[in-house]
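Thank you all for coming; I would like to walk through one structure this morning, and I will go slowly enough that you can follow each residue on the screen.

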Amino acid sequence: MSQVEFPTFQTVLYDEPRPGVARVTLNRPEKRNAQNMQMTYDINSAFDHAVRQPHVKVIVLAAVGQHFSSGHDLSGDGSKTWKDFPVLGTWANFDQPGAEGLYAREMEIYLEMTERWRNISKLLIAQVQGKCVTGGLMLAWCCDLIVASDDAQFICTSGKMGGSGIEYYAYPWEISPRQAKMWLLTGELSVEKAQQYGMVNDVVPRADLEQHTLELAERLTKHTSWTLNMTKSQVNHAQDAQGRRSSMQYAFAVHQLGHAHRKLTVGANVDPDTLPENIRQHYLRRIERAAE
Ligand code: ZN
């Protein structure tokens, strides 16, 4: 294995720790693995690389550090803009004012990119430790299996921010509708409940997380690539036949309406100083970004 040269990426690591198993590791521990645009495109490129390797059957999505991911990085990518990254989908007009630009951008990098990862032709296993927050949920959800450590927490801050869920709205497809409502409104889901509700496959002690995940991945490589790909495809299609995609398109539209609603109410009619601190900071960042 030591002679093999793996591709390098700025924000993720790529290796093949077991025969037939590729691993993509989020590597921004100083930012609790917040997903900026660079990371989004790095994950996509690393997955693409793994998919193109005939010997790779299973891909593990892991994360360096204490926490899996703190969600989308709202502080952006420094001086980089969307023009510094490839356009992979069908969306454009990211610079348009009003709701148009943000709608197109979030459709491209959040909804469609995450959907693409969900449907790639190799089995994906998420290896989750510590906190998995809001946008970070999308990274776990796009995987076929989720293994978590006993200290994992699945947190959704969207409600606290005045929203109603994230762009890739998988909540009622991951757990039951009634449990999803409770989670969205209370914000927290313990790893015990996540497993009990069917969102997480295995929960293991933190010290055993990596080994357990890699052993599972290696065990699954004993299947043919056909069995692995068709198993995920058939189960995914069962959800799609129940209307998953169209309900997620509706939720995405509501999410965008939520962005516009906040801009209208906060931007025109509300004094930000009257808002709770966490919401105020969130609004100010968004207003700043909109003004750029
Ligand atoms: Zn959004």
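This is a predicted model: local features need pLDDT of at least 70, side-chain atom pairs count only at pLDDT 80 or more; totals for chains, interfaces and linings use all residues.

Let me begin with a question: is glutamate 210 buried, partly exposed or exposed? Glutamate 210 has a relative accessibility of 40%, and it therefore counts as partly exposed, where buried means under 20% relative accessible area, exposed means over 50%, and partly exposed is what falls in between, with a 1.4 Å probe and protein chains only.

Residues are numbered from 1 along each chain as its sequence is written, and side-chain values use heavy atoms, with hydrogens and water left out.

Staying with glutamate 210, its partner in a salt bridge is arginine 23, and the closest N and O atoms of the two are 2.6 Å apart; by salt bridge I mean a side-chain nitrogen of Lys or Arg within 4 Å of a carboxyl oxygen of Asp or Glu. This pair links distant parts of the chain, since glutamate 210 sits in helix α7 (residues 209–220) and arginine 23 in strand β2 (residues 21–26), 187 residues apart. Helices here are DSSP runs of H or I with at least four residues, strands are runs of E with at least two, and both are numbered from the N terminus. Arginine 23, at 12% relative accessibility, counts as buried.

Strand β2 also holds threonine 25, which is buried with a relative accessible area of 10%. Threonine 25 is 11 residues from tyrosine 14 in sequence, and their C-alpha atoms are 6.5 Å apart in space. If we leave aside neighbours within four places in sequence, the contacts of threonine 25 are Thr11, Val12, Leu13, Ala62, Ala63 and Val64, a contact being heavy atoms within 4.5 Å.

Arginine 244 and aspartate 240 form a salt bridge at 2.7 Å, N to O; here arginine 244 is buried at 2%, whereas aspartate 240 is partly exposed at 25%. These two belong to a network of salt bridges that links Glu115, Arg118, Asp240, Arg244 and Arg245.

Glutamate 106 lies in helix α2 (residues 99–118) and glutamate 167 in the loop between β7 (153–155) and α4 (171–174), so the pair ties together parts that are 61 residues apart in sequence. Both glutamates are buried, glutamate 106 at 4% and glutamate 167 likewise at 4%.

Helix α2 bends by about 40° at methionine 107, the bend being the angle between axes fitted to the seven residues ending there and the seven starting there. Of its 20 residues, 14 are buried, so α2 is largely enclosed by the rest of the structure.

Histidine 72 lies in the loop between β3 (58–63) and α2, is buried at 17%, and touches Gln35, Tyr110, Gly135, Met138 and Glu167, not counting residues up to four places away in sequence.

Finally, the largest nonpolar core has 57 residues, of which Val128, Phe154 and Trp183 touch the most other members; such a core is a set of buried Ala, Val, Leu, Ile, Met, Phe, Trp, Tyr and Cys residues joined through side-chain atoms within 4.5 Å. Its largest share, seven residues, comes from helix α1 (residues 37–52). Another core, of 14 residues, lies apart from it and has among its members Val21, Val58, Ala62 and Ile125.
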